[in-house]
Amino acid sequence: MNKSRVTVVDIARAAGVSKSTVSLVLQASPLVNEATRAKVNAVIRELGYVYNRGAANLRQSASSRIIGIVVNDLTNSFFAELAVGMDMVMQSAGYVQFLSNSAESVDRQREVIASMREHGISGLILSPARGTEAADLKPLAASGIPVVAVVRNVTGAKISSLLSDNYAGAKDAVRHLVSLGHSRIAFLGGIPNTTVFAERVQGWRDALAEAGLEALDALVIGTTASRAGGVAAIERALLLANRPTAALCFNDAAAFGVCDGLRAAGKEPGRDFAVVGFDDVIEAETAVPALTTVSVDPQGMGRRAAQLLLKQINTGRVEPEAIVSSVRLVVRQSCGAGQKTRRMTA
């Protein structure tokens, strides 16, 4: 191999790592473990690669019109709508977006952010992967790149955040189900080790307590926050000795799955079992039955996140802001409102 033409890609291939990992090693990033760093440096020495730090600094200091967007689950239509909202604002402002899906992997998130930094992004909007810690975002904060976290917060990270009022939304949803006469209300779907799950479950618990009802742990059934997860959750709920007659679901995707699972069990959502989602994605209104849900307004949330990031870019000051946006309950047919609810018997 001609040493004068050795590239980062050559090093990555020889070391068996990604290009982004090589770039992190070259930047002396603390995000790379020592074993990987040693392996990459050995390949660099073997191939005789010379890092042109002056050119790299010039690339990084150049003003760009590029925004990085990293979401944790692009297969969920909520995040697709969130990205659409961001695009509306960024396109109008003359920015190009790099969109990536971390698929709930902190390692993949780290690599795509490193790659985006190589392209000189002016700012980053991030829906953090599960397990993201403040240390993962420290290099971004230190470099002065504006960052806005959406949907999930990262405790201790010195970045701006835009979250929805998960607690209040869950509480309003359960209060509505109680007003319809339900006393055994489950919480279905979602991964337990996230702040969003914790906030929504706490709203569920407190609303039940307010109504003098017991919030049994058996009624909280965590699964993936997906349609398949919703099916699995309702299957388990229907096996309970004192099974529920209604459920607040972690999100709309899980709620759609709950409706699928009910039909598979010969029960009709809204008539035999009340279902409430959380998000209000586009499909919620056109579903059969139309889904009662807590509206987060994902496109609106995307627009606000983009506006917050642009404000930081345009002012040149990265001053963290924490914004919690209000939510509202949208009542449709899946909760059984407006019709006589037939209770399931144990």
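Tutor: Let's start with α8 and α9, whose crossing is right-handed. Keep in mind as we go that this is a predicted model. Two packed helices are described by the angle between their axes and the distance between the axes. Here, α8 covers residues 166-179 and α9 covers residues 195-210, and they pack at an angle of about 40° with their axes 7 Å apart. Angles under 35 degrees would count as roughly parallel and 65 to 115 as roughly perpendicular, so α8 and α9 come out as oblique to each other.

Who does the touching? From α8, the contact uses Asn166, Tyr167, Ala170, Lys171, Val174 and Arg175. From α9, the list includes Val196, Glu199, Arg200, Trp204, Asp206 and Leu208. Sort the residues of this contact by type and you get seven nonpolar, three polar and six charged.

Is Ser295 buried or exposed? Its relative accessibility is 9%, and buried means under 20%, so Ser295 counts as buried. Setting aside neighbours within four places in sequence, Ser295 is in contact with Asp279, Asp280, Val327, Arg328 and Val330. With one of these, Asp280, there is a polar contact between the two side chains, at 3.3 Å.

Asp280 deserves a look of its own. You'll find Asp280 in the loop between β9 (274-279) and α12. With a relative accessible area of 15%, Asp280 is under the 20% cut-off too, so Asp280 is buried. There's also something to notice in its backbone: the phi of Asp280 is near 70°, a positive value in a residue that isn't glycine. Most residues other than glycine have a negative phi, and most peptide bonds are trans.

Asp297 also has a positive phi, about 60°, and is not a glycine either. Asp297 is in the loop between β10 and α13 (298-315). Because its relative accessibility is 35%, Asp297 counts as partly exposed.

One last stop, back towards α12. Which form does the peptide bond from Val288 to Pro289 take, cis or trans? That bond is cis, with omega near -5°. Pro289 itself is in the loop that runs between α12 (282-286) and β10 (292-295).

How values were computed
Residues are numbered from 1 along each chain as its sequence is written. This is a predicted model: local features need pLDDT of at least 70, side-chain atom pairs count only at pLDDT 80 or more; totals for chains, interfaces and linings use all residues. Side-chain values use heavy atoms; hydrogens and water are left out. Helices (H or I, at least four residues) and strands (E, at least two) are DSSP runs, numbered from the N terminus. Buried means under 20% relative accessible area, exposed over 50%, partly exposed in between (1.4 Å probe, protein chains only). Axes are lines fitted to C-alpha atoms, for helices over the stretch in contact, and angles run from 0 to 180 degrees between N-to-C directions. Angles under 35 degrees count as roughly parallel, over 145 as roughly antiparallel, 65 to 115 as roughly perpendicular and the rest as oblique. A crossing is left-handed if the near helix is turned anticlockwise from the far one by less than a right angle, and right-handed if clockwise. Contact means heavy atoms within 4.5 Å. Ala, Val, Leu, Ile, Met, Phe, Trp, Tyr, Cys and Pro count as nonpolar, Asp, Glu, Lys and Arg as charged, and the others, Gly among them, as polar. A polar contact is a pair of N or O atoms within 3.5 Å; within protein, one must be able to donate a hydrogen and the other to accept it, and residues adjacent in sequence count only if both atoms are side-chain atoms.
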